[in-house]
Amino acid sequence: MRIVLLGAPGSGKGTQSQRLVKRLAIPQISTGDLLRAAVARGSELGRQAKQAMDNGRLVEDALVLGMIRERLGEPDARNGFILDGFPRNLAQAHELDELLRRLGQPLDVVVQLEVDYGELVKRIAGRRTCADCGRVFNLLTSPPAGADAVCATTGAPHRLMQRPDDNEATVTERLRVYDEKTRPLIDFYRSRGLLRVINAEGEVDQVTERLTRALTAPAARALRPKRARPAARKKRKPLSRPKSKRGGVRPRRAPARKRAKSAKPKRARRAPVKRARRR
Ligand code: AMP
(Lines give C-alpha, C1' and ligand atoms only; values in the text may rest on other atoms or scores of the structure.)
Protein backbone atom coordinates (compact mmCIF):
# COMPACT_ATOMS: atom_id res chain seq x y z
CA MET A 1 0.00 0.00 0.00
CA ARG A 2 1.27 3.50 -0.82
CA ILE A 3 0.21 5.93 1.86
CA VAL A 4 0.74 9.61 2.65
CA LEU A 5 0.11 10.81 6.21
CA LEU A 6 -0.75 14.49 6.32
CA GLY A 7 -1.00 16.54 9.48
CA ALA A 8 0.48 19.42 11.45
CA PRO A 9 3.65 19.00 13.52
CA GLY A 10 2.67 17.05 16.63
CA SER A 11 -0.41 15.44 15.04
CA GLY A 12 1.15 11.99 15.55
CA LYS A 13 2.28 11.14 12.01
CA GLY A 14 5.57 9.68 13.29
CA THR A 15 3.98 7.61 16.07
CA GLN A 16 1.23 6.26 13.81
CA SER A 17 3.69 5.55 10.97
CA GLN A 18 5.79 3.41 13.30
CA ARG A 19 2.69 1.39 14.19
CA LEU A 20 1.72 0.96 10.53
CA VAL A 21 5.24 -0.26 9.70
CA LYS A 22 4.64 -3.22 12.02
CA ARG A 23 1.11 -3.93 10.77
CA LEU A 24 1.70 -3.54 7.05
CA ALA A 25 5.40 -4.47 6.79
CA ILE A 26 6.22 -1.46 4.61
CA PRO A 27 8.82 1.22 5.37
CA GLN A 28 8.15 4.62 6.90
CA ILE A 29 9.79 7.36 4.87
CA SER A 30 10.07 10.49 6.98
CA THR A 31 11.79 13.43 5.30
CA GLY A 32 12.27 14.99 8.75
CA ASP A 33 14.16 11.88 9.94
CA LEU A 34 16.22 11.73 6.73
CA LEU A 35 17.14 15.40 7.08
CA ARG A 36 18.03 15.06 10.77
CA ALA A 37 20.25 12.08 9.90
CA ALA A 38 21.96 14.18 7.20
CA VAL A 39 22.54 16.98 9.72
CA ALA A 40 23.94 14.50 12.27
CA ARG A 41 26.30 13.03 9.64
CA GLY A 42 27.46 16.53 8.76
CA SER A 43 26.89 15.89 5.04
CA GLU A 44 26.63 18.70 2.48
CA LEU A 45 22.85 18.15 2.29
CA GLY A 46 22.58 18.35 6.09
CA ARG A 47 24.64 21.55 6.12
CA GLN A 48 22.33 23.15 3.56
CA ALA A 49 19.16 22.01 5.34
CA LYS A 50 20.14 22.88 8.91
CA GLN A 51 19.39 26.59 8.96
CA ALA A 52 15.84 26.19 7.61
CA MET A 53 15.17 23.35 10.07
CA ASP A 54 16.46 25.34 13.05
CA ASN A 55 14.14 28.21 12.13
CA GLY A 56 11.07 26.05 11.52
CA ARG A 57 11.00 26.82 7.79
CA LEU A 58 10.79 24.31 4.95
CA VAL A 59 14.01 23.01 3.45
CA GLU A 60 14.42 23.81 -0.26
CA ASP A 61 12.28 21.62 -2.51
CA ALA A 62 15.23 20.57 -4.69
CA LEU A 63 17.09 19.08 -1.70
CA VAL A 64 14.06 17.23 -0.34
CA LEU A 65 13.00 15.93 -3.76
CA GLY A 66 16.48 14.60 -4.50
CA MET A 67 16.41 12.75 -1.20
CA ILE A 68 12.90 11.32 -1.82
CA ARG A 69 13.72 10.20 -5.38
CA GLU A 70 16.68 8.26 -4.05
CA ARG A 71 14.74 6.74 -1.15
CA LEU A 72 11.72 5.66 -3.23
CA GLY A 73 14.10 3.95 -5.62
CA GLU A 74 15.33 1.58 -2.89
CA PRO A 75 14.12 -2.04 -3.05
CA ASP A 76 12.15 -2.00 0.23
CA ALA A 77 9.86 0.74 -1.15
CA ARG A 78 8.69 -1.46 -4.04
CA ASN A 79 5.93 -3.11 -2.00
CA GLY A 80 4.63 0.15 -0.62
CA PHE A 81 5.57 2.91 1.82
CA ILE A 82 4.27 5.41 4.33
CA LEU A 83 5.28 8.96 3.54
CA ASP A 84 5.51 10.97 6.75
CA GLY A 85 6.14 14.71 6.42
CA PHE A 86 6.28 14.62 2.63
CA PRO A 87 4.89 16.25 0.54
CA ARG A 88 4.83 19.54 2.44
CA ASN A 89 3.67 21.94 -0.30
CA LEU A 90 1.90 21.84 -3.67
CA ALA A 91 5.12 21.82 -5.72
CA GLN A 92 6.30 18.70 -3.84
CA ALA A 93 2.88 17.06 -4.29
CA HIS A 94 3.00 17.61 -8.07
CA GLU A 95 6.58 16.26 -8.22
CA LEU A 96 5.58 13.21 -6.20
CA ASP A 97 2.66 12.57 -8.58
CA GLU A 98 5.00 12.70 -11.54
CA LEU A 99 7.66 10.52 -9.90
CA LEU A 100 5.14 7.83 -8.90
CA ARG A 101 3.53 7.95 -12.33
CA ARG A 102 6.92 7.21 -13.90
CA LEU A 103 7.49 4.37 -11.41
CA GLY A 104 3.98 3.03 -12.16
CA GLN A 105 3.17 3.18 -8.44
CA PRO A 106 0.41 5.71 -7.78
CA LEU A 107 -0.71 6.58 -4.26
CA ASP A 108 -3.50 4.50 -2.74
CA VAL A 109 -4.60 6.77 0.06
CA VAL A 110 -3.82 10.03 1.87
CA VAL A 111 -4.90 10.36 5.50
CA GLN A 112 -5.19 13.72 7.20
CA LEU A 113 -4.67 13.57 10.99
CA GLU A 114 -6.77 16.32 12.57
CA VAL A 115 -5.73 17.71 15.97
CA ASP A 116 -6.78 20.91 17.70
CA TYR A 117 -4.12 23.70 17.75
CA GLY A 118 -3.82 23.88 21.58
CA GLU A 119 -3.41 20.10 21.77
CA LEU A 120 -0.62 20.23 19.13
CA VAL A 121 1.42 22.70 21.18
CA LYS A 122 0.98 20.56 24.32
CA ARG A 123 2.02 17.38 22.47
CA ILE A 124 5.13 18.95 20.94
CA ALA A 125 6.26 20.18 24.39
CA GLY A 126 6.07 16.59 25.73
CA ARG A 127 7.62 14.85 22.70
CA ARG A 128 10.86 12.92 23.24
CA THR A 129 12.79 10.60 20.90
CA CYS A 130 15.10 7.76 21.91
CA ALA A 131 18.60 8.68 20.75
CA ASP A 132 19.43 5.00 20.08
CA CYS A 133 16.35 3.33 18.54
CA GLY A 134 14.56 6.46 17.26
CA ARG A 135 11.21 5.62 18.87
CA VAL A 136 9.01 8.60 19.57
CA PHE A 137 7.39 8.95 23.01
CA ASN A 138 5.34 11.60 24.70
CA LEU A 139 5.90 12.29 28.36
CA LEU A 140 2.25 13.32 28.72
CA THR A 141 0.36 10.88 26.52
CA SER A 142 2.59 7.86 25.79
CA PRO A 143 5.66 7.61 28.06
CA PRO A 144 7.92 4.53 27.77
CA ALA A 145 6.28 1.82 29.87
CA GLY A 146 5.98 -1.96 30.16
CA ALA A 147 7.70 -3.84 27.35
CA ASP A 148 8.43 -0.53 25.61
CA ALA A 149 10.44 0.84 28.56
CA VAL A 150 13.61 -0.79 27.25
CA CYS A 151 15.42 0.30 24.07
CA ALA A 152 15.42 -2.40 21.36
CA THR A 153 18.89 -1.30 20.22
CA THR A 154 20.77 -1.07 23.54
CA GLY A 155 18.64 -3.22 25.87
CA ALA A 156 18.89 -0.38 28.39
CA PRO A 157 16.25 2.24 29.25
CA HIS A 158 15.65 4.68 26.37
CA ARG A 159 17.86 7.76 26.19
CA LEU A 160 15.13 10.32 25.63
CA MET A 161 16.08 13.53 23.85
CA GLN A 162 14.05 16.58 22.88
CA ARG A 163 14.33 17.69 19.25
CA PRO A 164 16.07 21.06 18.96
CA ASP A 165 13.20 22.41 16.83
CA ASP A 166 10.57 21.45 19.43
CA ASN A 167 11.09 24.75 21.29
CA GLU A 168 8.29 27.29 21.66
CA ALA A 169 9.48 29.89 19.12
CA THR A 170 10.18 27.34 16.36
CA VAL A 171 6.94 25.49 16.97
CA THR A 172 4.89 28.65 16.35
CA GLU A 173 6.69 29.16 13.03
CA ARG A 174 6.27 25.48 12.03
CA LEU A 175 2.54 25.66 12.68
CA ARG A 176 2.30 28.87 10.64
CA VAL A 177 4.24 27.28 7.77
CA TYR A 178 1.96 24.23 7.97
CA ASP A 179 -1.16 26.40 7.60
CA GLU A 180 0.28 28.37 4.71
CA LYS A 181 2.10 25.70 2.69
CA THR A 182 0.86 22.25 3.70
CA ARG A 183 -2.85 22.76 4.42
CA PRO A 184 -3.64 23.35 0.70
CA LEU A 185 -2.68 19.69 0.11
CA ILE A 186 -5.93 18.65 1.79
CA ASP A 187 -7.94 20.04 -1.13
CA PHE A 188 -5.34 18.80 -3.63
CA TYR A 189 -5.79 15.18 -2.53
CA ARG A 190 -9.52 15.54 -1.89
CA SER A 191 -10.02 16.58 -5.50
CA ARG A 192 -8.17 13.40 -6.56
CA GLY A 193 -10.49 11.23 -4.44
CA LEU A 194 -7.59 10.02 -2.26
CA LEU A 195 -8.25 11.88 0.98
CA ARG A 196 -9.60 10.51 4.23
CA VAL A 197 -9.72 12.60 7.40
CA ILE A 198 -9.52 11.18 10.91
CA ASN A 199 -9.76 12.67 14.36
CA ALA A 200 -6.24 12.14 15.73
CA GLU A 201 -7.00 13.21 19.31
CA GLY A 202 -7.41 10.83 22.24
CA GLU A 203 -5.70 7.55 23.06
CA VAL A 204 -2.89 6.51 20.68
CA ASP A 205 -4.49 3.05 20.25
CA GLN A 206 -7.84 4.58 19.33
CA VAL A 207 -6.19 6.79 16.72
CA THR A 208 -4.44 3.72 15.27
CA GLU A 209 -7.84 2.01 15.01
CA ARG A 210 -9.36 5.00 13.24
CA LEU A 211 -6.36 5.18 10.92
CA THR A 212 -6.56 1.46 10.07
CA ARG A 213 -10.27 1.80 9.30
CA ALA A 214 -9.61 4.86 7.11
CA LEU A 215 -6.98 2.94 5.13
CA THR A 216 -9.37 0.14 4.33
CA ALA A 217 -12.47 2.24 3.74
CA PRO A 218 -13.63 1.93 0.14
CA ALA A 219 -12.65 4.86 -2.02
CA ALA A 220 -16.27 5.87 -2.51
CA ARG A 221 -16.48 6.52 1.20
CA ALA A 222 -13.58 8.96 1.13
CA LEU A 223 -14.68 11.53 3.62
CA ARG A 224 -15.72 14.62 1.76
CA PRO A 225 -17.09 17.66 3.54
CA LYS A 226 -20.84 17.31 3.73
CA ARG A 227 -22.66 19.75 1.54
CA ALA A 228 -25.57 21.52 3.12
CA ARG A 229 -28.74 20.29 1.41
CA PRO A 230 -30.62 23.07 -0.29
CA ALA A 231 -33.74 23.88 1.72
CA ALA A 232 -36.79 22.15 0.25
CA ARG A 233 -38.69 24.57 -1.89
CA LYS A 234 -42.19 25.41 -0.77
CA LYS A 235 -44.82 24.38 -3.23
CA ARG A 236 -46.36 27.47 -4.65
CA LYS A 237 -50.11 27.75 -4.51
CA PRO A 238 -51.54 28.19 -7.95
CA LEU A 239 -52.56 31.80 -8.25
CA SER A 240 -56.27 32.28 -8.71
CA ARG A 241 -56.77 33.89 -12.01
CA PRO A 242 -58.39 37.32 -11.87
CA LYS A 243 -61.76 37.78 -13.43
CA SER A 244 -62.24 40.11 -16.36
CA LYS A 245 -64.60 43.03 -16.06
CA ARG A 246 -67.23 41.13 -17.97
CA GLY A 247 -67.19 38.33 -15.42
CA GLY A 248 -65.23 35.80 -17.49
CA VAL A 249 -61.78 34.51 -16.66
CA ARG A 250 -59.11 36.74 -18.06
CA PRO A 251 -56.75 34.88 -20.38
CA ARG A 252 -53.40 34.05 -18.78
CA ARG A 253 -50.62 36.46 -19.66
CA ALA A 254 -47.97 35.08 -21.96
CA PRO A 255 -44.71 34.10 -20.20
CA ALA A 256 -42.16 36.91 -19.98
CA ARG A 257 -40.00 35.51 -22.82
CA LYS A 258 -42.93 35.30 -25.21
CA ARG A 259 -44.16 38.69 -24.17
CA ALA A 260 -40.76 40.19 -24.84
CA LYS A 261 -40.85 38.64 -28.31
CA SER A 262 -44.33 39.77 -29.05
CA ALA A 263 -43.45 43.23 -27.75
CA LYS A 264 -41.08 43.64 -30.69
CA PRO A 265 -42.31 46.25 -33.06
CA LYS A 266 -44.03 44.57 -35.97
CA ARG A 267 -42.58 45.09 -39.36
CA ALA A 268 -44.39 47.84 -41.14
CA ARG A 269 -46.48 46.48 -43.92
CA ARG A 270 -45.17 47.24 -47.32
CA ALA A 271 -47.11 49.90 -49.02
CA PRO A 272 -49.05 48.38 -51.92
CA VAL A 273 -47.24 48.86 -55.15
CA LYS A 274 -49.14 51.24 -57.30
CA ARG A 275 -49.88 49.78 -60.63
CA ALA A 276 -49.37 51.82 -63.67
CA ARG A 277 -52.75 52.80 -65.09
CA ARG A 278 -53.64 51.21 -68.29
CA ARG A 279 -54.21 53.63 -70.89
P1 AMP B 1 9.37 16.90 10.73
O2 AMP B 1 10.21 15.93 11.48
O3 AMP B 1 8.56 16.27 9.67
O4 AMP B 1 8.56 17.78 11.65
O5 AMP B 1 10.40 17.87 9.98
C6 AMP B 1 11.35 18.65 10.68
C7 AMP B 1 11.86 19.76 9.77
O8 AMP B 1 12.49 19.20 8.61
C9 AMP B 1 10.78 20.68 9.22
O10 AMP B 1 10.44 21.71 10.13
C11 AMP B 1 11.46 21.20 7.97
O12 AMP B 1 12.41 22.19 8.26
C13 AMP B 1 12.20 19.97 7.45
N14 AMP B 1 11.37 19.15 6.55
C15 AMP B 1 10.87 17.92 6.77
N16 AMP B 1 10.19 17.47 5.71
C17 AMP B 1 10.25 18.44 4.78
C18 AMP B 1 9.71 18.59 3.47
N19 AMP B 1 8.98 17.64 2.88
N20 AMP B 1 9.98 19.73 2.80
C21 AMP B 1 10.73 20.70 3.34
N22 AMP B 1 11.25 20.64 4.59
C23 AMP B 1 11.01 19.52 5.33
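In which loop is A25 found? In this predicted model, A25 is located in the loop that runs between α1 (13-24) and β2. The phi of A25 is near 55°, a positive value in a residue other than glycine. Most residues other than glycine have a negative phi, and most peptide bonds are trans. A further backbone feature concerns the peptide bond between F86 and P87, which is cis, with omega at about 0°. P87 belongs to the loop between β3 (81-84) and α5.

The parallel sheet is considered next. It is an open sheet made of 5 strands, arranged in the order β2-β3-β1-β4-β8, and its pairing is parallel. From one strand to the next, the twist averages 25°. Within this sheet, strand β1 (residues 2-7) and strand β4 (residues 109-114) run parallel and are joined by 5 bridges. One of the residues involved is G7, whose bridge partner in β4 is L113. Helix α8 (residues 184-191) packs on the sheet and touches β1, β4 and β8. The direction of α8 makes about 130° with that of β8.

There is also an open sheet of 3 strands, with the order β6-β5-β7 and antiparallel pairing. Its edge strands are β6 (136-138) and β7 (160-161), each of which pairs on one side only. Strand β5 (residues 127-130) runs antiparallel to β7, and 2 bridges join them. T129 has M161 as its bridge partner in β7.

Among the helices, α4 (residues 61-72) packs with α5 (residues 90-103) at an angle of about 25°, and their axes are 11 Å apart. Because angles under 35 degrees count as roughly parallel, α4 is described as roughly parallel to α5. The crossing of α4 and α5 is right-handed. On the α4 side, the contact involves D61, V64, L65, R69 and L72. These meet A91, Q92, E95, L99 and L103 in α5. By residue class, the contact of α4 with α5 comprises 6 nonpolar, 1 polar and 3 charged residues.

Technical notes. Residues numbered from 1 in each chain as written. Predicted model: local features only at pLDDT ≥ 70, side-chain atom pairs only at ≥ 80, totals over all residues. Axes fitted to C-alpha atoms, helices over the stretch in contact; angles between N-to-C directions. Helix = DSSP H or I, 4+ residues; strand = E, 2+ residues; numbered from the N terminus. Parallel < 35°, antiparallel > 145°, perpendicular 65-115°, else oblique. Left-handed = near helix turned anticlockwise from the far one by under 90°. Contact = placed C-beta atoms within 7 Å. Nonpolar A, V, L, I, M, F, W, Y, C, P; charged D, E, K, R; others polar. Pairing = 2+ DSSP bridges.
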